[in-house]
Amino acid sequence: MLDAVIIGGGPAGLSAALMLGRARKHAVVLDEGRPRNAVTREAHGFLTRDGIPPGELRRLAKEQISRYPGITFMEDIAHLVTGSNGNFQITTSRGATLHSKKLLFAVGMKDRPLNIPGLAEVYGKSAFVCPYCDGWELRDEPWVIISTGVDAMHFIPLISGWTDRFTLCTNGPDGLTESDREDLRRHGVPLYDTPIRSIESEEGIVQQVVLEDGTAIACRGIFFRPDLKIGSDLPEALGCEMTEAGTIVVDEFGRTTVPGVFSAGDAITMRHQAIAAASSGAMAAAALNNELNMEAWRENG
């Protein structure tokens, strides 16, 4: 009987594993080895590791966690979870069965298929979703922003801190009010609502965005809103309450609505930062450990 199974081995899951290892707990980190940020060359904004390749960040984390004998890593996929607090059973795609007192879902988010021709070729190289992660590398360069409506009007003032050379492409109906359009005109922001035909690039670096009417917009970077879904259906199948946005509902300690089940990282928020995910993983693991210790204290009293 394990103390915990951590499903997901990104920054949240690894940080949780480190915390539990140092708390002398026995846990397995179950991860399929296909992180969402594998498309990116560098991870940014992670203190002492700014600019590190995501794979190297994971390698270093596992190397350090391996000093704690209670933590084991399995490259596999959680296929089915049954049981309840104190006795969960996790069946993997390869047929293994794990028994655990607690669960921690650090399953992150996954991209749905990118529906603009050429976007997949530049994603993570010159097309990004977060200016805090990748805006510095494209500072003062011409950008194309692919967004609509309220999201666009939130994002555009934000990115103006990195460059004042950008164009808004809504890839169809813009979802803007007339007041929004006037605001864009006052700030000199070009707006195109013609659908995008393709994104042309060389070795992953975008050269131009071509619209269906033939308009070509030269640029060196793209920022867009991804279409995401949670990395696993298991939390919902187990009964965890979900938000309308598809994230897992947790309290301030990472506890879900199912007793004995915790969650952390991108699966619980729409604010996706590696360092924030790592922080929430550590805090959820601390709460999980505290719960285990309190239960053991009562049982032995």
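Predicted model: local features only at pLDDT ≥ 70, side-chain atom pairs only at ≥ 80, totals over all residues.
1. Leaving aside residues up to four places away in sequence, Val261 touches Phe88, Leu103, Phe105, Leu238, Cys240, Gly254, Arg255 and Thr256. Val261 also belongs to the largest nonpolar core, which has 23 residues; Val5, Val81, Ile90, Leu103, Phe105 and Val261 are the members that touch the most others there. At least two residues of this core come from each of E1, E2, strand E4 (78–84), strand E5 (87–92), E6, strand E16 (228–230) and helix H7 (234–238).

2. Strand E1 (residues 2–7) deserves a look next. Six of its six residues are buried, so the rest of the structure largely encloses this strand. E1 pairs in the parallel sense with strand E6 (residues 97–105) over five bridges, and there Ile7 has Phe105 as its bridge partner. E1 also pairs with strand E2 (residues 27–31), again in the parallel sense, over four bridges; here Ala4 stands opposite Ala27. Together with helix H1 (residues 11–22), E1 and E2 make a β-α-β unit that is right-handed.

3. H1 also meets helix H8 (residues 274–299). How do the two axes cross? They come within 7 Å of each other at an angle of roughly 40°, and the crossing is right-handed. On the H1 side the residues involved are Pro11, Ala12, Ser15, Ala16, Met19 and Leu20. They meet a set of H8 residues that includes Ala274, Ala277, Ala278, Gly281, Ala282 and Met283.

4. Five strands form an open sheet with parallel pairing, in the order E8-E15-E9-E10-E11. Strand E8 (127–128) and strand E11 (191–192) are at the edges with a single partner strand each, so one side of each has no neighbour in the sheet. Inside the sheet, E9 and E15 run parallel and are joined by four bridges, with Ile222 of E15 as the bridge partner of Val144. Helix H5 packs on this sheet and touches E9, E10 and E15, its direction making about 170° with that of E10.

5. Which residues of H5 (residues 149–159) are buried? They are Gly149, Ala152, Met153, Phe155, Ile156 and Ile159. Their cover includes helix H4 (131–134), strand E9 (143–146), strand E10 (166–169), helix H6 (178–186) and strand E15 (221–224).

6. Finally, the chain as a whole. It contains eight helices and 17 strands, and its C-alpha trace spans about 70 × 35 × 35 Å along the principal axes. Of the 301 residues, 47% count as buried. Among contacts with a separation of 6 or more, 55% are between residues 24 or more positions apart.

Notes
Residues numbered from 1 in each chain as written. Heavy atoms only, no water. Buried < 20%, exposed > 50% of the residue type's maximum accessible area, 1.4 Å probe, protein only. Pairing = 2+ DSSP bridges. Right-handed = clockwise from strand over helix to strand, strands pointing away. Contact = heavy atoms within 4.5 Å. Axes fitted to C-alpha atoms, helices over the stretch in contact; angles between N-to-C directions. Core = buried A, V, L, I, M, F, W, Y, C linked by side-chain atoms within 4.5 Å. Left-handed = near helix turned anticlockwise from the far one by under 90°.
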